[in-house]
Amino acid sequence: MDKPSGKDSFSLLYRTGFRLNYALLHVMGPAALTPEADPRQRAKKEYDRRRELHRAWKAQQRSA
């Protein structure tokens with residue numbers, strides 16, 4: 001398995017941007033939306049997806 005990069009990257013820059021974006025959406029985001037249309041939930045799902053890819057890559061590196 002290759003290290004996730006590009007749209008799958010879990011870099012420090014991505015994580016910092018996610019936290020900033022998530023906090024701003026919490027303060028200044030839309031009032032109430034359905035779960036499918038909520039930008040905070042979409043961002044959180046993308047964060048979780050990338051984190052799992054990164055964890056799988058790290059586990060594969062340790063076992064090799």
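Predicted model: local features only at pLDDT ≥ 70, side-chain atom pairs only at ≥ 80, totals over all residues.
Residues are numbered from 1 along each chain as its sequence is written, and side-chain values use heavy atoms, with hydrogens and water left out. Local features need pLDDT of at least 70 and side-chain atom pairs count only at pLDDT 80 or more, while totals for chains, interfaces and linings use all residues.

**Exercise 1. Find the span of helix α2 and what caps its N-terminal end.**

Step 1. Helices are DSSP runs of H or I with at least four residues, numbered from the N terminus. Helix α2 covers residues 39-63, which is 25 residues.

Step 2. The expected span is 1.5 Å times one less than the number of residues. For α2 the expected value is 36 Å, and the distance from the first C-alpha to the last is close to that, at 36 Å.

**Exercise 2. List the buried residues of α2 and state what they pack against.**

Step 1. Buried means under 20% relative accessible area, exposed over 50%, and partly exposed in between (1.4 Å probe, protein chains only). By this rule P39, A43, Y47, R50 and W57 are the buried residues of α2.

Step 2. These buried residues pack against α1, residues 12-28.

**Exercise 3. Explain why R50 counts as buried, and identify its contacts.**

Step 1. R50 lies in helix α2. R50 counts as buried because its relative accessibility is 11%.

Step 2. Contact means heavy atoms within 4.5 Å. Leaving aside neighbours within four places in sequence, R50 is in contact with G6, K7, D8, S9, F10 and Y14.

Step 3. For S9, the backbone oxygen lies 2.9 Å from a polar atom of the R50 side chain.

**Exercise 4. Locate M1 relative to W57.**

Step 1. M1 is in the segment before α1. M1 and W57 are 56 residues apart in sequence, but their C-alpha atoms are 6.5 Å apart in space.

Step 2. Beyond its neighbours within four places in sequence, M1 is in contact with L53, A56, W57, Q60 and Q61.

**Exercise 5. Which parts does the salt bridge between D8 and R49 tie together?**

Step 1. A salt bridge is a side-chain nitrogen of Lys or Arg within 4 Å of a carboxyl oxygen of Asp or Glu. The structure holds 6 salt bridges. In the one between D8 and R49, the closest N and O atoms are 2.8 Å apart.

Step 2. D8 lies in the segment before α1 and R49 in helix α2, so the pair ties together parts that are 41 residues apart in sequence.

Step 3. Both ends are partly exposed: D8 has a relative accessible area of 27%, and R49 is at 36%.

**Exercise 6. Describe the salt bridges D48 to R51 and E52 to R55.**

Step 1. D48 and R51 meet at 3.1 Å, N to O. Both lie in helix α2, 3 residues apart, about one turn of the helix.

Step 2. An α-helix has 3.6 residues a turn, so residues three or four places apart point the same way.

Step 3. For E52 and R55, the closest N and O atoms are 3.6 Å apart. This pair also lies in α2 with a spacing of 3 residues, about one turn.

Step 4. Salt bridges that share partners join D8, E46, R49 and R50 into one network.

Definitions and conventions
Helix = DSSP H or I, 4+ residues; strand = E, 2+ residues; numbered from the N terminus. Polar contact = N/O pair within 3.5 Å; in protein donor to acceptor, adjacent residues only side chain to side chain.
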